[in-house]
Each structure stands twice: as C-alpha cells, then as structure tokens.
Amino acid sequence: MIVNRKVLTLDEFTIQQLRNFPHATGELSSLLRDIGLAAKRVNVEVNKAGLVDILGDDGSVNVQGEDVKKLDVFANNQFTGVLQHGISCAGIASEEIDDYIAFEDEVSKHSKYVCLYDPLDGSGNIDVNVSIGTIFGVYKRVTPLGSTASREDFLQAGVQQVAAGYIVYGSSTMLVYATRRGVNGFTLDPSIGEFCLSHPDIKCPDAGNIYSVNHGHFFRYEKGVQDYIQRCQGKTKENGGPYTQRYIGSMVSDVHRNLIKGGIFMYPGTTDKPEGKLRLMYECNPFAFIMEVAGGKATDGKKRILDIVPQKLHQRTPFFVGSKSMMEELELCLNQ
Ligand code: AHG
Ligand code: MN
Ligand code: MN
C-alpha cells in the first residue's frame with residue numbers, strides 16, 4: 001500500500017534528505033531536531049509573554065552592553081540546554097554569553113558540529129507584541145573529534161557553515177533553514193506541535209521592490225548608502241518601481257519578508273558606529289548563507305560577508321543583504 005502523505009514534518013524531511021547520502025551520520029538532522037524543540041519551547045513562552053511576568057528588562061546588561069530582556073535569557077537557556085543535552089553539538093556560542101562554551105562530556109566531545117546563535121533577535125520589540133526571532137549558524141568543527149572544542153572551531157568564516165537558519169515567532173511560527181542544497185521553510189502546526197514543510201526550496205526573487213533600512217540614521221550613513229536610498233525613493237514604473245520602505249526593527253522578520261517577496265535589507269555603519277550594530281557571527285553570517293543559497297547576495301559594503309575571517313566572537317559589521325539585482329545596484333552606488 002502506498003500512503004499518500006502531503007505534508008512532511010521537519011524530522012521526516014531531514015531524514016528523507018539523509019537517504020540521499022548513504023554515508024551521512026544523521027548528526028545534522030539530530031541537531032536540527034534539537035533546535036526545533038528549543039524553538040517550540042520558546043514559542044510557547046513568546047505566545048504567553050503578555051500573561052506572565054516575563055516581559056521587560058531582567059535588570060542586567062549583556063556582553064554587547066545592551067539591556068537583557070527576560071525572554072532573551074529564557075531563549076538562551078533553552079537553546080543552550082537542548083544542544084548541550086543533544087548528541088550532535090560539541091559547543092555553542094551565543095550573543096548573550098561572553099565566551100563560547102565547549103561541552104565537556106564524552107558524547108559532546110565526539111560530536112562534529114558547533115552552533116552559534118542569537119537566541120532572541122528583535123528583543124526590543126517584545127514588549128509591543130511585534131514579531132521576534134532566533135538566528136543560528138552551524139559549523140563543522142576543525143579540531144579532532146574526541147577533543148574539547150576550542151576557539152578556532154567558533155572563529156570560522158561564514159563560508160564554512162554547513163547549515164544556517166532562523167525561527168520567526170510571528171503571525172505563525174516558522175523555522176527556515178538552509179544547507180548548501182537549498183532553503184526550506186517549515187510552519188509550526190500548533191495542533192500537532194510539529195514544524196511542517198510549507199515553503200519548499202525557497203528562492204529569493206532576483207529583484208523586488210522593498211527596501212528596509214533605519215531612516216532615522218540617514219544623515220549618519222556614508223554617501224554611497226544615502227545615494228542608494230535616494231535611488232530607491234526615486235524609483236518609478238519605468239525603472240522597476242515604485243519601491244516600498246518596510247522596516248520592522250526585527251531583522252528576522254525584515255529579512256524573512258524580503259527573502260520571500262524580494263527586497264533589500266541594510267544595516268550600514270554610521271559616523272558614530274562605523275561597524276554598525278549587527279553581529280557577524282550570530283546575525284549576519286547565517287542570513288548571508290541563507291540568502292546566497294536562495295540566489296541573493298550579502299556584503300559588508302566592500303566584500304562578501306561569508307569571506308570575512310572573524311577576529312572575535314562578538315564582532316559587529318555593516319550588513320547589506322537581499323535580492324541579487326538590488327544588491328548590484330547598491331554596489332554601484334557604494335563604489336562610486
Ligand atoms: P537584538 O534584539 O538581538 O539585539 O537585535 C536587534 C537588531 C535587529 O533585529 C534589528 O534589525 C536591529 O537591531 C534594529 O536596530 P535599530 O533599532 O537600530 O534600527
Ligand atoms: Mn539580534
Ligand atoms: Mn538578541
């Protein structure tokens with residue numbers, strides 16, 4: 001009997017992918033399952049955040065010097081805990097933790113991946129019920145299996161990622177992840193508590209009409225960025241416009257929308273903060289990887305994000321990501 005199943009769950013999908021690789025160990029599938037589990041737990045808390053005393057600052061300041069929201073702490077603990085107890089992760093680094101953590105138990109020491117993440121992105125939006133997210137990047141460790149993971153496992157260029165993804169806790173909750181073979185999106189079906197394949201093989205449209213940038217910083221952007229923003233404002237029907245400006249202030253939601261619909265997201269450096277705000281390892285590398293696999297581009301304004309060799313875990317970088325032809329027009333402005 002052939003059972004005609006229409007919707008694959010995340011687990012079913014990753015296992016199906018494994019069948020194409022007879023020598024694969026299944027460790028990546030297991031790691032994605034762990035991330036999916038943490039995401040479901042965070043989702044439950046996000047959904048009831050207005051009801052319980054979990055909103056607002058927890059009174060401390062994170063390693064980036066920013067106020068830590070209680071949900072940030074909760075999310076960080078969920079992702080760290082689930083990966084520590086899983087069987088695929090030798091260590092983690094998180095936007096919320098000063099330094100990387102290498103797991104010391106024997107199973108973890110024999111695991112081949114490390115995972116870097118922003119457990120809760122857009123946390124400034126929690127109190128006002130705007131979509132927030134989680135971002136993660138997965139690297140194969142460079143140190144030998146059996147040893148304790150070390151700094152060099154974490155300080156790899158983004159091009160070395162084997163997978164990257166994000167979860168958006170929005171009007172529905174979605175997990176999107178990329179491997180070199182493609183980008184796939186899964187929507188949480190609350191009735192069965194499973195992420196189900198809803199957006200197979202996502203491709204970013206080559207051109208779009210959405211540009212996303214914080215206009216409040218306009219006069220502190222370099223001239224090339226200002227020129228590009230003005231070109232966006234001047235688009236007409238004749239040259240692919242008009243464009244629409246959309247900026248939620250939750251990068252996961254902003255880039256997710258632009259990935260699906262076509263668009264460009266920019267967080268440039270400013271005169272007072274030349275490196276901008278976003279973190280290379282936790283925010284930019286995962287999105288650069290996802291966007292490139294989907295057919296788009298990502299740069300720091302000068303070079304490809306994925307080629308940057310990181311100097312430190314919490315490094316920041318200007319970030320431009322989106323549809324290929326829009327990125328090319330931006331590059332023309334920046335190179336003038
Ligand atoms: P986080 O909440 O992890 O600190 O990141 C928030 C980021 C990103 O999601 C968003 O695009 C950006 O901050 C918004 O910054 P501005 O308010 O400066 O535009
Ligand atoms: Mn963030
Ligand atoms: Mn964060």
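The axes of helix 2 (residues 27–47) and helix 3 (residues 70–85) in this predicted model come within 9 Å and cross at roughly 155°. Helix 2 is therefore roughly antiparallel to helix 3, a term for angles over 145 degrees. The axes are lines fitted to C-alpha atoms over the stretch in contact, with angles running from 0 to 180 degrees between N-to-C directions; the helices are DSSP runs (H or I) of at least four residues, numbered from the N terminus. The crossing of the two helices is right-handed, the near helix being turned clockwise from the far one by less than a right angle.

The manganese ion (ligand 3) is coordinated by Glu-95 (OE), Asp-118 (OD) and Leu-120 (O), at 2.2 to 2.3 Å. Donors are N, O and S atoms within 2.8 Å of the metal, and water is not among the atoms, so sites may look incomplete. Asp-118 also bridges to the manganese ion (ligand 2), which lies 3.7 Å from ligand 3. Asp-118 is buried, because its relative accessibility is 0%; Leu-120, at 1%, is buried as well. Buried denotes under 20% relative accessible area, with a 1.4 Å probe and protein chains only.

Residues are numbered from 1 along each chain as its sequence is written, and ligands from 1 in the order in which they are written. Local features need pLDDT of at least 70, side-chain atom pairs count only at pLDDT 80 or more, totals for chains, interfaces and linings use all residues, and side-chain values use heavy atoms, without hydrogens and water.

Definitions and conventions
Donors = N, O, S within 2.8 Å, 3.2 Å for Na, K, Ca; no water. Buried < 20%, exposed > 50% of the residue type's maximum accessible area, 1.4 Å probe, protein only. Parallel < 35°, antiparallel > 145°, perpendicular 65-115°, else oblique.
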